[in-house]
Number of protein chains: 2
Amino acid sequence: MKILVSNDDGIGSQGIYELVQELKKIGDVTVVAPLTEQSAVGHAITMKSPLRVTKYFVNNELFGYAVDGTPADCIKMGVRNILKDIPDIVVSGINHGSNAATAIIYSGTVSAAREAAIMDIPAIAVSVTSYNASHFNYPAKVAAHFCKLVKEKGLRKGSLLNINVPDIPEADIRGIVLTKQGHAKWDETYVCRQDPYGKDYYWLKGEMVVLDTEPDIDQVAVMNNYASVSPIHFDLTDYDLFKDLVSWQFESIKI
Amino acid sequence: MKILVSNDDGIGSQGIYELVQELKKIGDVTVVAPLTEQSAVGHAITMKSPLRVTKYFVNNELFGYAVDGTPADCIKMGVRNILKDIPDIVVSGINHGSNAATAIIYSGTVSAAREAAIMDIPAIAVSVTSYNASHFNYPAKVAAHFCKLVKEKGLRKGSLLNINVPDIPEADIRGIVLTKQGHAKWDETYVCRQDPYGKDYYWLKGEMVVLDTEPDIDQVAVMNNYASVSPIHFDLTDYDLFKDLVSWQFESIKI
């Protein structure tokens with residue numbers, strides 16, 4: 001199995017290293033990941049400036065290719081320019097921090113997997129739900145297991161699996177549950193400070209407020225100590241609203 | 001009507017200026033837009049560094065507030081810190097270039113509107129379908145008209161309207177059509193060049209390949225000289241795939 005791996009925490013992060021060690025047991029792994037941390041860059045891509053690609057070595061062995069761009073750039077670069085071929089699957093992670101509920105929208109890790117989905121390549125995003133994560137082995141094994149499952153059963157084109165695993169010892173994980181994206185909100189403010197010259201600057205500070213309670217919602221599943229697996233796609237059409245809007249009779253509007 | 005306006009081309013661009021002139025006829029407009037161009041930044045937000053806010057003047061009058069961040073940052077900053085109140089509607093644009101089909105995923109303009117939708121604020125993104133756009137007046141009038149319609153009829157929470165208008169004279173526009181996001185692909189490569197020191201750098205070059213033919217697809221509508229209006233939301237769950245995945249029996253998986 002030919003596996004392309006990326007992330008948003010950067011090629012030197014612990015999460016991607018532990019993921020790669022596990023995935024090497026089941027396939028031929030190529031790592032193309034951001035040179036620097038790219039958390040919360042969403043689905044940004046680099047068009048107005050060029051990209052550089054650098055070989056990245058760990059213990060004097062080639063670990064992968066570092067790109068001075070975004071996670072989505074890494075998938076484009078990996079497929080179009082490094083592999084020059086379509087991998088069997090793309091795996092993005094292991095992200096340090098949850099990518100559940102509305103955090104998915106901002107996530108570079110999920111966007112790397114979504115970039116693969118746009119290219120019709122099956123993809124998995126995997127995150128461990130703490131910024132100071134210390135339990136990577138179980139999430140890595142879950143990712144490898146789902147790679148095998150996806151290979152065996154196939155995945156609808158244009159979709160990906162978004163996996164979130166609680167940052168707890170493997171023995172405390174209660175199982176794996178199929179979930180949907182939650183509808184959490186952000187309680188956020190800008191902290192205002194003054195620089196040494198007396199000028200204001202603003203720093204975003206926010207906390208997710210979980211509004212869901214159903215066990216098959218991603219955020220709820222991880223709070224209940226389950227590994228959460230959500231099917232995600234990139235068709236943003238709101239089909240319910242589409243039906244409602246028919247009554248607005250756009251065809252008769254005169255501007 | 002209290003209207004918050006942003007874009008991704010930057011506060012100094014022609015599109016936002018022409019939009020604001022039209023929206024001032026129907027409401028109280030506050031502009032909070034990126035200081036510099038932020039095309040293709042997707043739904044990136046700035047968390048790891050602080051933001052600055054600068055008053056931006058046009059003809060010695062306050063035009064709005066420039067933020068040295070992304071379009072999504074501007075909506076957060078506008079609502080949380082500048083208005084300190086919830087506007088009736090957010091309008092993002094007028095984008096110089098199409099934001100239809102898979103371009104939506106990469107669009108900063110659409111992401112600004114989506115950030116509003118996440119906050120339960122009704123939102124409209126509006127684009128004119130050429131990077132060298134010259135016809136802004138009609139799209140501005142369409143945006144204003146839909147602001148009034150949204151105020152009158154309401155919009156489902158968490159959704160926005162994504163409007164694309166062909167860059168042609170108003171007389172040649174054939175009408176307005178309700179559409180869905182298209183499934184176009186990107187035919188893309190990295191152009192490799194050498195810098196003056198002999199090192200390679202790579203520049204993304206891509207063209208959208210339109211695969212859809214139905215008249216109610218965004219990209220097709222604009223190709224047919226219609227203004228396209230698509231309902232968009234941020235629930236990325238693939239509900240069809242969710243049903244398929246039930247048969248994978250996640251609860252019985254042992255890692």
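Okay, let's start with chain B, where 9 strands make an open sheet in the order E3-E4-E2-E1-E5-E6-E7-E11-E8, with mixed pairing. Strands here are DSSP runs of at least two residues (E), helices runs of at least four (H or I), both numbered from the N terminus, and two strands pair if DSSP finds at least two bridges between them. E3 (53–58) and E8 (176–178) of chain B sit at the edges with a single partner strand each, so one side of each has no neighbour in the sheet.

Quick caveat: this is a predicted model, where local features need pLDDT of at least 70 and side-chain atom pairs count only at pLDDT 80 or more, while totals for chains, interfaces and linings use all residues. Residues are numbered from 1 along each chain as its sequence is written, and chains are lettered from A and ligands numbered from 1 in the order in which they are written.

Back to chain B: E5 (residues 89–96) and E6 (residues 123–128) pair in the parallel sense over 6 bridges, with Asn95(B) opposite Ser127(B) in E6(B).

Now chain A. Of the 5 residues of E1 (residues 2–6), 4 are buried (20 or more other C-beta atoms, placed from the backbone, within 10 Å of their own), so this strand is largely enclosed by the rest of the structure. E1(A) pairs with E5 (residues 89–96) of chain A in the parallel sense over 4 bridges, and Leu4(A) has Val90(A) as its bridge partner there.

Last, how many residues of chain A are in contact with chain B? It's 64, against 64 residues of chain B, contact meaning C-beta atoms, placed from the backbone, within 7 Å. Helix H5 (residues 137–153) of chain A gives the most to chain A's side, with 6 residues.

Notes:
Contact = placed C-beta atoms within 7 Å. Buried ≥ 20, exposed ≤ 12 C-beta atoms within 10 Å, placed from the backbone.
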